[in-house]
Amino acid sequence: MEAAPNTSYWLDIVALVYFFIVWALYSHTTANGFLGKKSLTYEMNQARRQWMATMATRELRMIDTSIMIGLQQGTGFFASTSILAIGGCFGLLNSSGRVLTLFHDLPFLGNTTQQLFETKILGLLVLFAYAFFKFAWSYRLFNYCSILIGSVPMARDKGPDDPVVLAGINRAAGINIQAGQHFNSGLRGIFFSIGYLGWFLHPVLFMITTSLVAIVLLRRQFFSRARDVLMQNSVSADL
């Protein structure tokens, strides 16, 4: 009689471990090594550096500050959305018994106890909390970048190769890239939370949805039309 519950318990553990392994492998693949330099994110980081270099040649930087405002607004939107999702998880915890009763009508749910169901909800809450902290820090870094943009001296006054100008460009670009990386990490948490929802139905479905999310994200990073456009522009610039 205990074999089925024990089997289900270990299947849940395997599915959860698989989830974090896929997440970690995806993050490593898109951020490091040879493959990381072929990703859409890498190309956008190069565009951020070029943006800061171009910004140093402008006397009036209202264009740059407008772009920064747009980036901050997008980051703030996702941070607010994460807070709402966290509140939804707490609401789901309060009504977990009724929700689980509805779930038991599904034939493929398996032997899910209320304790396990609430544990899954807590895990989802942690994912949204992780995303919120990433978005909040990204918002703050974009704010720092706005200040650094204002501190970069005019390249026309000192020359494009002046060490002070180059240092200012590198600082602004570095903080901007860091802000983008934390924003991407927050988005990644949101995306993988979609795959996490499969766990509420079945551990095998959890692994399938996790794999599908990773495949979609990998396709966008390495095989999307947006990446192709950026790669073509990079080749044209090199020529």
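T209 counts as buried, because its relative accessibility is 18% and buried means under 20% relative accessible area, with a 1.4 Å probe and protein chains only. Keep in mind that this is a predicted model, where local features need pLDDT of at least 70, side-chain atom pairs count only at pLDDT 80 or more, and totals for chains, interfaces and linings use all residues. Residues are numbered from 1 along each chain as its sequence is written, and side-chain values use heavy atoms, leaving out hydrogens and water.

**Around T209**
- You can find T209 in helix α9 (residues 203-222); helices here are DSSP runs of H or I with at least four residues, numbered from the N terminus.
- Leaving aside residues up to four places away in sequence, T209 touches G195 and G198, where contact means heavy atoms within 4.5 Å.

**Helix α4 by itself**
- With 33 residues, α4 reaches 48 Å from its first C-alpha to its last, close to the 48 Å expected at 1.5 Å a residue (1.5 Å times one less than the number of residues).
- Its buried residues are D64, M68, Q72, T75, A79, S82, I86, C89 and L93.

**How α4 meets α8**
- The axes of α4 (residues 62-94) and α8 (residues 163-196) come within 11 Å and cross at roughly 30°.
- The two helices are therefore roughly parallel to each other, a label for angles under 35 degrees.
- On the α4 side, M68, G74, T75, F78 and S82 meet N176, F183, L187 and I190 of α8.
- The residues of this contact divide into five nonpolar, four polar and no charged.

Methods: Axes fitted to C-alpha atoms, helices over the stretch in contact; angles between N-to-C directions. Parallel < 35°, antiparallel > 145°, perpendicular 65-115°, else oblique. Nonpolar A, V, L, I, M, F, W, Y, C, P; charged D, E, K, R; others polar. Buried < 20%, exposed > 50% of the residue type's maximum accessible area, 1.4 Å probe, protein only.
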